[in-house]
Amino acid sequence: MLQAHPILFAQVTQQCDNSVQRFRLLWRGNWFIQEKSCKILSLIVSARPKTQDVIISNGEASNSKSKRTTIDDVLKGLVEWLCAQLRKPSHPARGIPTAISCLATLLKEPLARSSFVQLDGVKLLIPLISPASTQQSIQLLYETCLCVWLLSFYEPAVEYLATSRALPRLVEVVKGSTKEKVVRVVVLTLRNLISKATFGAQMVDLGLPQVVQSLKAQAWSDEDLLEALDQLEQGLKDNIKKLSSFDKYKQEVLLGHLDWSPMHKDPVFWRDNITKFEENDFQILRVLITILDTSSDPRALAVACYDLSQFIQYHPAGRIIVTDLKAKERVMKLMNHENAEVTKNALLCIQRLFLGAKYASFLQV
């Protein structure tokens with residue numbers, strides 16, 4: 001009845017101003033009662049008229065203003081309880097699915113989004129964005145992605161998503177999912193995010209253009225999905241045009257996601273862009289050196305060493321600059337790294353440091 005007519009039920013509860021308060025008391029009972037009360041309360045709160053703030057009696061005299069609770073207070077308390085379930089579920093099997101299901105209803109509300117972000121709830125969703133196999137896990141994945149989609153309309157949540165692992169996880173899900181409703185909600189989320197922060201450039205780096213091409217070749221029946229795929233494809237094309245090769249390189253370095261993309265070993269790239277490394281007091285070089293100190297990814301370490309060796313080779317003062325930035329000691333430590341790729345590129349970098357540009361061009365990787 002609630003799912004079919006939530007607005008009608010919300011109007012009824014307005015006439016019985018202690019109904020919501022009773023549901024709040026019920027969720028203190030056993031798990032079955034908690035789950036059902038939570039779902040009913042979520043439907044009531046989300047369906048309430050938005051033009052007025054409903055007041056709920058707490059059993060005190062009607063003129064006792066200090067003891068009265070608004071629906072907004074209930075909403076905040078409910079979101080807080082749901083976040084607590086995500087952190088430490090009361091029930092091992094139903095705690096998290098119930099919390100996500102209710103959040104998928106409540107996060108349509110601006111106040112719920114605000115409370116959820118303030119409670120640091122966004123990071124609790126990220127681990128749940130992963131490919132699913134069973135029907136139960138598919139439903140949990142769908143509702144989790146639905147929550148992320150709703151949060152993609154809220155700027156403070158987008159700012160958090162931009163610094164998390166949400167985007168790679170979403171791309172991984174849409175790449176491997178065959179369930180139309182999951183693909184639809186993820187594509188809609190990506191469409192919302194592509195124009196915000198650095199999401200567009202990251203999507204290009206993660207190979208999303210190829211994924212979109214693959215998705216468009218499949219027979220989907222949902223018109224919203226087809227339209228969103230077209231818009232996402234166009235947005236990716238715009239980002240590719242907007243990003244020069246150095247912009248893409250800079251984005252890769254600043255994010256710390258170094259890989260053997262073609263530009264690293266392209267002599268034309270280094271010749272054409274070598275002076276751009278001087279920008280902002282050699283910011284890119286400094287970040288590359290920081291990666292040598294902080295990264296635990298062997299691929300990132302190997303690429304950082306190689307890029308430093310390329311800078312030494314192509315910049316007229318490369319040896320002096322890299323030496324002044326104290327890179328030599330950091331690279332030398334990596335010559336004993338357990339990964340052969342790291343060792344090889346660290347050795348190349350040291351050789352170029354010692355030999356100088358005149359002889360560095362004879363060294364081969």
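Entry 1. I am working with a predicted model, and I began with helix α14, which runs over residues 223–242. I found that its 20 residues reach 29 Å from the first C-alpha to the last, close to the 28 Å expected at 1.5 Å a residue.

Entry 2. At the start of α14 I looked at Asp222, where a side-chain oxygen comes to within 2.8 Å of the backbone nitrogen of Asp224.

Entry 3. I then asked which residues of α14 are buried. I noted Leu225, Ala228, Leu229, Leu232, Glu233, Gly235, Leu236 and Asn239. These residues lie on the same side of α14, because they cover an arc of only 170 degrees around the axis. An α-helix has 3.6 residues a turn, so residues three or four places apart point the same way.

Entry 4. On the face turned away from the buried side of α14, I found the exposed residues Glu223, Lys241 and Lys242. For the buried residues, I recorded that their cover includes α11 (180–193), α12 (199–205) and α13 (208–216).

Entry 5. Leaving aside neighbours within four places in sequence, I listed its contacts as Val174, Leu215, Leu225, Ala228, Leu229 and Leu232. Val187 and Ala228 are 41 residues apart along the chain, yet I found their C-alpha atoms separated by 6.6 Å.

Terms used:
Residues are numbered from 1 along each chain as its sequence is written. This is a predicted model: local features need pLDDT of at least 70, side-chain atom pairs count only at pLDDT 80 or more; totals for chains, interfaces and linings use all residues. Side-chain values use heavy atoms; hydrogens and water are left out. Helices (H or I, at least four residues) and strands (E, at least two) are DSSP runs, numbered from the N terminus. The expected span of a helix is 1.5 Å times one less than its number of residues. Buried means under 20% relative accessible area, exposed over 50%, partly exposed in between (1.4 Å probe, protein chains only). The arc is that of the directions from the helix axis to the C-beta atoms. Contact means heavy atoms within 4.5 Å. A polar contact is a pair of N or O atoms within 3.5 Å; within protein, one must be able to donate a hydrogen and the other to accept it, and residues adjacent in sequence count only if both atoms are side-chain atoms.
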